[in-house]
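Biologist: Before we look at any single part, could you take me through this model with care, one question at a time?

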Amino acid sequence: MACYFLACRHPTKLTPYIAYVVNQQSATLTAVNLADFRVVDSLPVSPRPERVLLRPHSRQLYVVSATGKISVAVFPHLHIVSTLDVGRSARDLAFAPDGRTAFVLDPADHEVVFLDCSGAARATPEESMPKVTVRLPLQGTPANLALSPDATTLVASSQDPNLLIFISTESHQTLGTVEVGQAPGPMAILPDNSKVFVADTGEEKISAADVASRKLLSHIELGARPTALLLKPDGGEIFALAGHASKMIIADAFHDNVEQIFPVGRDPVAGIFRPDMSVLYIANAGDGSVSAIDVANREVLASTHVGMAPRALALTPDQHLLVVADSAASSLAILQADPTNLSTARSVLVTTVTVGTSPVDVVVPDFIDNER
């Protein structure tokens, strides 16, 4: 029935993009064709995978596992080309824009690890096997990692003590630290590389620091504990999700003050903006819904029940579809993402596809597999 309604709203065939879903409990990477909504491939990866990321300028997917492994898979016909041993743990992989280098935390060993992803001189981007080049010890226990847009500075949030640690990607050395609030976690760096914001997850505030001088600028009091930060693409606003309070707090990124407190679904955990910043989609793990919010007018366009515990979101490159990984339902929900339909359609849910056990992340590359 869902596909019937989709056909009514989309007279032309959907583009055969492939969604790649990482499933934590079954330790698999599953491929779903988004033109006919079927699983077309699946392969095992290292235990306890948590993230799947597209390496820029390649057809490689990096699957990061909490056990300290990175599985490198080639798409569209999935196969593993390399499994890299990072350390006792692995978290928060970030790629340089050219895809030749990457950076990942090893919290168990209190290190940030630098990777060369380019492989041998004659290797194609698909054949490249990453290798560890530098291991840099960090103070405390690193929690999250962020790379400045110009790829010159890494910022690690670290707990016990509560610090932001600034690292040069060129010299591989620590540049300085700044003390922030309790239990610093997720971060966002402005597009002009000037400021970094960190969610102080142990208290009700965000801390802002200057990247160049590595000085604390302000604490933004939120009234609820932040659990995730979403940066508006133009860098003008920070949208902080407060999962336990079921709220979203919108802060001015230039003046470091709260603009609005916005109620959302129960336990919001992830969000994604349309590139034109018109709509923000939020996954609410506590009530199995996805909210679509009109960013300019601060209105809820639609709230759609998609399953049990949605955890991760991705838009197709043409922005026609939104795919949602549901960890409790072991499924991928597929929704219409066209803003003109959000407030008028009876339901924007197209269909759900069963994938592996406990899907926790999803990515949709800008690649069309016409053979499927």
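Predicted model: local features only at pLDDT ≥ 70, side-chain atom pairs only at ≥ 80, totals over all residues.

Biologist: Turning to the rings, how many aromatic pairs does a search of the whole structure find, and what is the geometry of the pair formed by tyrosine 62 and phenylalanine 95?

Modeller: The search of the whole structure finds five aromatic pairs. A pair of aromatic rings is described by the distance of the centres and the angle of the planes. For tyrosine 62 and phenylalanine 95 the centres are 4.9 Å apart and the planes lie at 80°, and with over 60 degrees as the cut-off this pair is edge-to-face.

Biologist: How many residues apart in sequence are the parts that this pair ties together, and are tyrosine 62 and phenylalanine 95 buried or exposed?

Modeller: Tyrosine 62 belongs to strand β5 (residues 60-65) and phenylalanine 95 to strand β8 (residues 91-95), so the pair links parts that are 33 residues apart in sequence.

Biologist: Why is the pair of phenylalanine 75 and phenylalanine 367 edge-to-face, and which aromatic cluster holds them?

Modeller: The ring centres of phenylalanine 75 and phenylalanine 367 are 5.8 Å apart and their planes stand at 80°, so the pair is edge-to-face. Phenylalanine 75 sits in the loop between β6 (69-74) and β7 (79-85), whereas phenylalanine 367 sits in the segment after β32 (359-363), so the pair ties together parts that are 292 residues apart in sequence. Phenylalanine 75 counts as buried at 2% relative accessibility, while phenylalanine 367 counts as partly exposed at 27%. The aromatic cluster that holds them consists of Tyr20, Phe75 and Phe367.

Biologist: Which peptide bond joins phenylalanine 75 and proline 76, and what is its omega?

Modeller: Most residues other than glycine have a negative phi, and most peptide bonds are trans. Proline 76 is in the loop between β6 and β7. Aspartate 160 and proline 161 are joined by a cis peptide bond with omega of about 10°, and phenylalanine 75 and proline 76 are likewise joined by a cis peptide bond, whose omega is about 10°.

Biologist: What is the phi of methionine 277?

Modeller: Methionine 277 is placed in the loop between β24 (268-273) and β25 (279-284), and with a relative accessible area of 24% this residue is partly exposed. Although methionine 277 is a residue other than glycine, its phi is positive, near 70°.

Biologist: Finally, what is the radius of gyration of the protein chain?

Modeller: The secondary structure of the protein chain comes to two helices and 32 strands. For 372 residues the globule rule gives 21 Å, and the chain comes close to this, so it is as compact as a globular protein of that length, with a radius of gyration of 20 Å.

Key:
Residues numbered from 1 in each chain as written. Heavy atoms only, no water. Phe/Tyr/Trp six-rings, centres within 6.5 Å; stacked < 30°, edge-to-face > 60°. Helix = DSSP H or I, 4+ residues; strand = E, 2+ residues; numbered from the N terminus. Buried < 20%, exposed > 50% of the residue type's maximum accessible area, 1.4 Å probe, protein only. Rg over C-alpha atoms; globule rule 2.2 N^0.38 Å.
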